Amino acid sequence: MDIKCTSIMSPVGTLSCFEEDDKIIVLEWGQVPQGIETPLLKEAKAQISAYFSAKLTQFDLPVDPHGTDHQKKVWQKMCEIPFGETRSYGDIAKELNSAAQAVGSACGKNPIPIIIPCHRIIGSNGNKGGYSGGEGLETKEQLLRLEQAVLTSRHQTSA
């Protein structure tokens, strides 16, 4: 069975993108041996390059992240966060009637980072929280800088 995948050079390291049933299922750090590069993977490569060139603010790719129902709900909420904005783990938890810790766990298990922008989720006090991709928090900070993101919780109030 031939694997549908491609590797992409980016400012945050080499990324490898995988496709299954005409949908992106994984984006991970590291280079993989070249597989079959489909039209969808070529489009993913183009959109990822455009994102890192600050020419794309929203991905338009079919995705099918494998996970639990709760994880999929969290990942969907992440996709609703506009480019350059952030939400806290608590914001997402409130929207899903969940716990912030469960949202954090789903963030850490996101199989399609960047495209599903888990880097836009931060702590309610403005701290950056964690990041499981690339070089961890350094990579998250790089992505947030690229987007010129404001590190605030949507539900934060000023004192």
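## Two domains

The domain assignment, which is automatic or taken from a database, divides this protein into domain 1 (4-53) and domain 2 (69-147), and the centres of the two, taken over C-alpha atoms, are separated by 21 Å. The contact between them (heavy atoms within 4.5 Å) takes 11 residues from domain 1 and 16 residues from domain 2.

This is a predicted model, in which local features need pLDDT of at least 70 and side-chain atom pairs count only at pLDDT 80 or more, while totals for chains, interfaces and linings use all residues. Residues are numbered from 1 along each chain as its sequence is written, and side-chain values use heavy atoms, with hydrogens and water left out.

## The buried area

Between domain 1 and domain 2 about 1100 Å² is buried, with carbon and sulfur atoms giving 74% of that area; buried area here is the accessible area (1.4 Å probe) that two parts lose on being put together, summed over both. In domain 1, the residues that lose the most area to domain 2 are Leu27, Trp29 and Tyr51, together 57% of what that side buries.

## The side of domain 1

Strand 3 (23-29) and helix 1 (39-52) each supply at least two residues of the side of domain 1 that touches domain 2, and strand 3 gives the largest share, 5 residues; helices (H or I, at least four residues) and strands (E, at least two) are DSSP runs, numbered from the N terminus. The residues on this side of domain 1 comprise 11 nonpolar, no polar and no charged, where Ala, Val, Leu, Ile, Met, Phe, Trp, Tyr, Cys and Pro count as nonpolar.
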